[in-house]
Amino acid sequence: MFFSEAGARRRTWEASPAEHKKFVEVFKACDEDNKGYLSREDFKVAFVMLFGYKPSKIEADSVMSSKNSSTSGVSLEEFLNIIRKKKEVQLYHNEIRHIFTAFDMHYRGFLTLEDFQRAFRLVAPKLPERTVLEVFREVDQDSDGLVSFRDFEYAMKNGQNE
């Protein structure tokens, strides 16, 4: 797929010293009994403090099932790793949104074939028109002649996996 060669790339994310300190402080604040780990409920509170929303049941289940089996919760090291991964996903999503917005010059919330043609003329002027049309059709999953952000994001993410 064309999108596997262009656009947003997954990157590693490193916390600044101030961010790292904040994450450790949140961990300690949520580890009320100084157990050295966060229970499921403690983890949910920490997640809300850092991201502003409660993790879904699936997210919480995933975290709790992957925790160190020697404790009843998430250690500081595991917590910091979870936060790093979450931040990487947010960064990647934001990059995809930025690319979509650059294509959507009329701020309509969707892309037309003309938007694709204009964008590709700027970034890949020698790319044959037929290729642009093929890419557009591939990305336009429901064949309605419009590419939504969801279509675009799907193409960008799946292009990374191929």
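## How H5 meets H6

Helix H5 crosses helix H6 in a right-handed way. The model shown here is predicted. H5 covers residues 113-123, and H6 covers residues 129-139. Their axes lie 10 Å apart, at an angle of about 130°. Angles from 65 to 115 degrees count as roughly perpendicular and those over 145 as roughly antiparallel, so H5 is oblique to H6.

Which residues of H5 and H6 meet? From H5 come Leu113, Phe116, Gln117 and Phe120. From H6 come Glu129, Val132, Leu133, Val135, Phe136 and Val139. Sorted by class, this contact holds eight nonpolar residues, one polar residue and one charged residue.

## What H5 hides

H5 has these buried residues: Asp115, Phe116, Gln117, Ala119 and Phe120. Phe116, Gln117 and Phe120 are buried, and they also take part in the contact with H6.

What covers the buried residues of H5? The cover includes H6 and helix H4, which spans 76-103. Two strands are also included: S3 at 110-111 and S4 at 147-148.

## How H1 meets H4

H4 also packs against helix H1, which is made of residues 17-30. The angle between H1 and H4 is about 125°, and their axes are 10 Å apart. H1 and H4 are therefore oblique to each other. Their crossing is right-handed.

On the H1 side, the contact uses His20, Phe23, Val24, Val26 and Phe27. On the H4 side, it uses Leu76, Phe79, Leu80, Ile83 and Lys87. By class, the residues where H1 touches H4 are eight nonpolar, one polar and one charged.

## The whole protein

How many helices and strands does the protein have? There are seven helices and four strands. Read from the N terminus, the order is α-β-α-α-β-α-β-α-α-β-α.

The protein has 162 residues, and 35% of them count as buried. Its exposed surface comes to about 10,100 Å². Carbon and sulfur atoms supply 52% of that area.

Take the contacts between residues at least 6 apart in sequence. Of these, 58% join residues at least 24 apart.

Definitions and conventions. Residues are numbered from 1 along each chain as its sequence is written. This is a predicted model: local features need pLDDT of at least 70, side-chain atom pairs count only at pLDDT 80 or more; totals for chains, interfaces and linings use all residues. Side-chain values use heavy atoms; hydrogens and water are left out. Axes are lines fitted to C-alpha atoms, for helices over the stretch in contact, and angles run from 0 to 180 degrees between N-to-C directions. Angles under 35 degrees count as roughly parallel, over 145 as roughly antiparallel, 65 to 115 as roughly perpendicular and the rest as oblique. A crossing is left-handed if the near helix is turned anticlockwise from the far one by less than a right angle, and right-handed if clockwise. Contact means heavy atoms within 4.5 Å. Ala, Val, Leu, Ile, Met, Phe, Trp, Tyr, Cys and Pro count as nonpolar, Asp, Glu, Lys and Arg as charged, and the others, Gly among them, as polar. Buried means under 20% relative accessible area, exposed over 50%, partly exposed in between (1.4 Å probe, protein chains only). Accessible areas come from the Shrake-Rupley method with a 1.4 Å probe; for residues, only the protein chains shown count as cover.
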